[in-house]
Amino acid sequence: MLQIFRKKDGAVTVFLTIILVPMIVISCLFVDACRAKLASSVVSSAGDLTLNTALTQYDSVLNDYYGLMASSQSVDEFLTHADEYFQACITSQGVDADTGREWADRVSNILTGETQDISDLLQIEEQDQTKFTIKTVENGTLENPAVVKKEIVEFMKYRAPIDGVSELIDKFKNASRDLENARKNADLVDKKEKFYDSESELLKKAKAANDAIQAYVAVGLTDTSVEEIKNALMNAESEYRELHKKMVKDLYNTQGISEYKKVDLYENWTPKPEEVNKAQVNGYINNAADTMEDFVDVANRFEAVPDLGYNKNEFYNIQYWVSCDSILKQNNIYSTYVQKAQSMCQNMAKLKVVMDQLTDEEKAETYNLKSYRNIELVGSGTRSELYESLKAQYDELKREYITNPNSQYNYITEILEEISSANKDNISILETDNKIRELNTTFKKYNSDCERAMNALSGAVTELEAVKTLSEQFQQSYEIWKNAANSYDTQLAEQDRAQIAEIESMDSDERDDVLQNAKPEKVQELHDRLNNINSLLGSIKKGIGEYKYNGVSLLNIDSYEKMKSSSAVNPSKITKNKTELESYAESSFKFQKSDTLTKTSITDKNNPAIEKVNTPDFYNWLKQKFKDYDETKIEEQKNKKDEAAHKYDGEIADVTTPNSNSQEEIKDLSDRPAAQYASDKEEGIVSTNVSQISAKMSTLFKDFSGTLNRAAVDLRDDLYFMDYVMNMFSYDTFENEAKYKLCGGDVNLQNYSGKYSGVDSQWKSEDVKVTVNKTLTNKMINSTNNYSYGNEVEYILYGGSNLDNKVSAYGTIFGIRYALNLAPEFQYNWKDAGLSGIADAVATASYGIVPAPLFKLVVILGLTAAESARDIRYLKHGIPVKLMKAKDEVEVVYTGYTRAADTHPLSLAAFSYSDYLKLIFFIKITTQDEYMLYARTADVIQANMSKNITPDTGFLMKKANVYYSAEASLKIAPLMLDLPITSGYTEGKLTDGIIGRITYKAYRGY
């Protein structure tokens, strides 16, 4: 069979010749393909080497002080270090220095982005328009709190395994029950205080309601007085009818009427001789004639006056008088008549006397009397003749008019004198005006009484509505307190349960009078009764307003003039005719009564006599409760309560005042990583307001036990971080706590200064065996290395100014201590005889408005605040305080101080200021944004590095790079496929002479 492979006349040669070239091409193809494959590994190795070289240039100072790995701050410095490191690396593999330097330059050029031809077997080249680049990763610096967290946790893992922080968990777990009990006690005291506060508020409002009720009672309205009002109103119509008739008949048109009396007309008058002068005899003759002429004129007119006739049976005297008065006053005829008659008689009397004085010769003298109307003898004549003529005419006039009883004047005067004399009092408005005023006053009093009573009742009803609401809140607050006392398992809850049992016991001195008597249903009963009375009086008042005279309320008719103006009487219809006058007086009377009054009735439910009829229980209790109430005493007791509440304000005044530390403010520095976060300012709780403290405790320790019971590994990173912060940075009591530890714990508030001075040299020691003053990296924590020495941990927790941060820290610790001290303070002081005696006295003097338990609460809360402030003073001086004290371990009690300050030994049961900071830190990091705390930690490190440790470098966390990235786009040129023997076969098959492309991208970090 082998013969087939023997010579066949050159056939094999021909075959080999045919396949030789393709085989060569295939071999070249495999060679270049292997080159391309090898190039990928070479590129990856070179990139990794470059990145690793970059990472070698970490900030050694940052690492030495804070255990964090990050690049140098300067890029140029980094490149210099990278050259040296890469050259040393190559040389260590047997490469001579010149060759190593050449390759180092090439790597440096790549790192700086400068390209150059690299000629080697692999023929790896950069693609057009691309460069090999190495750069930092965005957010890959220590400015990023997530990166800071990763660095700190990595550092702490090698410093302290998970078991290393278990001590913290154990301490918190040991404290968790006390803290939980403190939260419960604060809540319990808060509910208890709210119960007694609500009792005080209820009694204040009940006192206001009682005042309003007593204001109503003082008005004096009873069922009898209400009936009296109704009867008075029922009789008002008849009384006003009589007043109206009186007005129409006697008063309406009689005001200003003249009173008529017969007057002396001087008909018998004789002048004295010396009153006349005979020399003027001619003048006397003229005067007599002149006045006689005037009298005759007026006498004739007077006699002609009509309608002066008098009919006693037909006429109403007063209106006849009015009628005559009106006629006689027309042209003043009556007064003129009297005047002219008197003048005539006087002049004739004077003439007679003068004539008697003349001699016969003088009488015989001639006198020419001018012409006068109504004079019979005029012209020339002797004086005697003229006198006799005038005398004769005078005597005739006197007989006819002056002395004649039937003359018009004498007739009218006699009748009018009799009528006016008899009725002058009847036309006086005084009696009628007084009667109207009396009625108006009565009705106004009724209206005013109703209004005052209704105002008082409205106020009382409003107050009772508030009392009922407060009573419901009071009862509810009692149930809330009672339920809390029954559900909590603390010693203070047990004490409260006993107190509640006494409150509910009918025979106990502690029985709560308000709780039993101020129940909502009893308040409602009194409320309804007063409301019904108010409705009744409202109807009475409405009825009073509905009684009207001619459309005008009787309340507005307060005088005769007001009645007259309201009467709408037509004066023209008032006549002297008796029948007509009586008819008009009756028909013109308009009066409106009220239907409301007829519909009102008094029952037991609306009887105004609340003190005598169907008296509600709550009213009796109020009246007895506030009997002999003295506002002055109340104010005195309130002042005592306020004084008790603020008695210990001086003790807590300096609670938030920190120790003297650095004044440098981290928050004011620029380029802080935590600048994006607002300060977490908390005012803290430095007061006796247990409600605020209860709320704070609930917020702080919500599910605290649940958080602690999580697996330690779940809390590992948080605990590592907390441990890192507390051991790498300073806080307010850092120095005092360290010296306290150096003293071995034998320190109190009296000897701490001398004790701490004794260990000052140890405190300043740089010996690594002295650890209390050093970081985990054995660097000193002092003002030289720490920019804001004594303020750093508080800044990390709160992010504000040094003072604000310390106020927040101390305020929070005060609140915790306050809650923890509540139980022992209440257990020690609640039954104190002196305190109970004063509280009872205050309660009695204040009529219960300041309940005895409330006074005791206020005092004990003040004592608790003072005790807590004293605890803070211990903590400020580095002395730990027992977390949960027994009742005989409190120092501030009602009777003073229980004991002198003793030493506080080191113990797991005692917490120092730093322990409380750890507690706050733990709560914050497990319940809030942890990155905020990491960012503030970065602030502190940056401040220390840039201001104290390496002040010349301009250190910034944003320049501390932790991650780098490298990128490259490369091509591989053909080596074998580009030979002449193969190029014919690959012509057009290669793209720009490239047989492969490599994209490289990688990240590296510390």
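Predicted model: local features only at pLDDT ≥ 70, side-chain atom pairs only at ≥ 80, totals over all residues.
Visitor: What makes strand 5 and strand 7 a pair?

Guide: Strand 5 (residues 548-549) is joined to strand 7 by 2 bridges, and the two run antiparallel. Two strands pair if DSSP finds at least two bridges between them, so the 2 bridges here meet that definition. Strands are DSSP runs of E with at least two residues, helices are runs of H or I with at least four, and both are numbered from the N terminus.

Residues are numbered from 1 along each chain as its sequence is written, and side-chain values use heavy atoms, with hydrogens and water left out.

Visitor: Which strands stand at the edges of the sheet, and why?

Guide: The open sheet has 3 strands in the order 6-5-7, with antiparallel pairing. Strand 6 (552-553) and strand 7 (591-592) each have a single partner strand, so one side of each lacks a neighbour in the sheet.

Visitor: Why is Lys806 called buried?

Guide: Buried means under 20% relative accessible area, exposed over 50%, and partly exposed in between (1.4 Å probe, protein chains only). Lys806 has 2% relative accessibility, so it counts as buried. Lys806 lies in helix 31 (residues 802-829). Leaving aside residues up to four places away in sequence, its contacts (heavy atoms within 4.5 Å) include Asp732, Glu794 and Tyr913.

Visitor: Why is helix 35 described as largely enclosed?

Guide: Of its 20 residues, 17 are buried, so helix 35 is largely enclosed by the rest of the structure.
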